[in-house]
Amino acid sequence: MTKKLTHWGLGALLSASLLSSCKGTSGDQADLLVYNANVYTVNQEFAKAQAIAVKNGKIVAVGTNDELKAKYKATEEIDAQGNPLYPGFIDAHAHFVGYATNQREADLVGTTSFSEVVQRLQKHRQEYPSAAWLTGRGWDQNDWQVKQFPTKDTLDKLFPDTPVIIERVDGHASLANQKALDLAGVTAKTPQVTGGKIEIKDGKLTGILVDRAADLVVSKIPALTSAEYTQVLKEAEQNLFAVGLTSVVDAGLPKASVDLIDSLQKKEELKIRVYAMLSPTPENKAHYFKNGPYTTDRLNVRSFKVYGDGALGSRGACLLHPYADKKDETGFLLLKLQEYKDLADELYKHNFQMNTHAIGDSANRTILQIYGNLLKGKNDRRWRIEHAQVVNPADVPLFGKYSILPSVQPTHATSDMYWAGDRLGMDRLKHAYAFKALLQQNNMIPLGSDFPVEHINPLFGFHAAVARQDAKNYPKGGFQMDNALTREEALRGTTIWAAYANFEENQKGSLEVGKVADFVILEQDIMTAKPEALRDVKVLATYVNGERVYGKK
């Protein structure tokens, strides 16, 4: 018996009814046949098709309706009714585990004042009164009328006996109350941390901890139990499938998290594909340098995530010249220069990919030069610069010279555009978020979101890349449109180019024979829809390995 899709509703999902037979002639067997679709293969020619056939989780044919219906008998048939079908979306830079664990924290995204932050914390505490710590994430002082870091005073008064730490939206600054600081043993006399800053005013702690300084407090938060960890990962996975993501790059994981993901995938409890970037801890290096990269059908571990500097919003991004709005600060690197050189040398010798967070123009120059000294010239190491937000024009050619991949997040440009000019000055801003210029260096640019810093929906990034506008369709005409991407480039960036950046272009990223059957069906064609409609396009169904993992009846 075969199944046929009988109804597509707006924002609805697949439903199927039984057919009595399949009109195959040659009788080749398939598990799934999707026909009457507007298929974007995203192959080298960017060819289009009408149908795909799947067997044992892989694509066995791509072609016309008549060709595939004549050749294959399929256990399940889906009539896509003309809807667009794309390769499963790949987020080239995200924090899947962090996003999952954040589901248990207070959501502070979109708060318009510190008072609203406090209100949300109070509400969260009422919902979880027995939690040992009160944590939250997502505040951004740049969205407030008073665009300054808050202090811990209010948190001290409201939560004197409960340790509190709340993380800024970019993950590069946090605010802790006195109870949390006491538990961590942090005082005004605590030595400053390399690659971080404990903020002190008038000889007293303000509670602000920038970059690595926050680790002093975060390390004291009790870890989730294995059961809790598993549950939040599964919940997060469903959210990702609902927006069409079939693969994610998790930027910076300990071995324990990698092992848990691996075990859940092997038990079929977790089905999303993960490209895991390891944190360069002694434990991770000792294990993986000895045993080498680790790869399964759904997990790929062959890279390390390194932090070059902090974020622009918290003035931790390392700049060549002082901040326009704070002339005595240039940001800072999170490690000593020799540490970066030694780490790059280790990763090169052990054949691991090095992927370094670099936001400021000084951090980008430093890391590009370190990479270049090892890579020498064109190569296939695929070392990456994550974010590459502010790059001096003189340094842009280094990406092409040494085959270094810029891994960018388009929504960062449209989130930061309101205040980035204040930090950088208008002249330097012209060289920020230069996606087109970076793409031209290697004729590709992998795209991600950096969620939970930004929203998980890849179509938000698609819209930001092509229209250079935010959810309000601001600004009119787009932000620095000379660096906008075409729709084809944006689609490639979240599919085949993202796969290439992970050494996975032969496995996924396009709909071609022999590749895994990861695909998504949308209600509208993002290649032709009006720009202002892109963020509202709904996913009808998401498939991984030919299995429908999202789609309601």
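This is a predicted model: local features need pLDDT of at least 70, side-chain atom pairs count only at pLDDT 80 or more; totals for chains, interfaces and linings use all residues.
I began with the largest cavity, which has a volume of about 140 Å³.

The largest cavity has 18 lining residues, and Gly448, Pro458, Gly461, Phe462 and Thr494 lie nearest its centre. Helix α17 (458-467) is among the elements that each supply at least two lining residues, along with β10 (89-94) and α13. With five residues, α17 has the largest share. I sorted the lining of the largest cavity by class and got ten nonpolar, seven polar and one charged.

Next came the second largest cavity, at about 50 Å³. I found Lys508, Gly509, Ser510 and Leu511 in its lining, including also Pro87, Gly88 and Thr246. The classes here are four nonpolar, four polar and two charged.

On to the open spaces. I noted a volume of about 390 Å³ for the second largest pocket. Of its 17 lining residues, Phe149, Glu199, Arg315, Lys326 and Glu329 are the closest to its centre. Strand β15 (196-201) gives the most to this lining, three residues, and β16 (204-211) supplies at least two. I counted eight charged residues in the pocket lining, beside five polar and four nonpolar.

Last, I turned to helix α16 (435-442), where I found Phe435, Lys436, Leu438, Leu439 and Asn442 buried. Why do they sit on the same side of α16? They cover an arc of only 160° around the axis, so they share that side. Their cover includes α12 (397-401), β23 (405-407), α13 (410-416), α18 (487-493) and α19 (496-501).

How values were computed
Residues are numbered from 1 along each chain as its sequence is written. Side-chain values use heavy atoms; hydrogens and water are left out. Buried means under 20% relative accessible area, exposed over 50%, partly exposed in between (1.4 Å probe, protein chains only). Helices (H or I, at least four residues) and strands (E, at least two) are DSSP runs, numbered from the N terminus. The arc is that of the directions from the helix axis to the C-beta atoms. Contact means heavy atoms within 4.5 Å. On a 1 Å grid over the protein atoms alone, a cavity is a set of points where a 1.4 Å probe fits but cannot get out, and a pocket is an open set with protein on both sides within 12 Å along at least five of seven lines; lining residues have an atom within 4 Å of a point. Grid points are joined across faces, edges and corners, and a volume is the space filled by probe spheres set on the points. Ala, Val, Leu, Ile, Met, Phe, Trp, Tyr, Cys and Pro count as nonpolar, Asp, Glu, Lys and Arg as charged, and the others, Gly among them, as polar.
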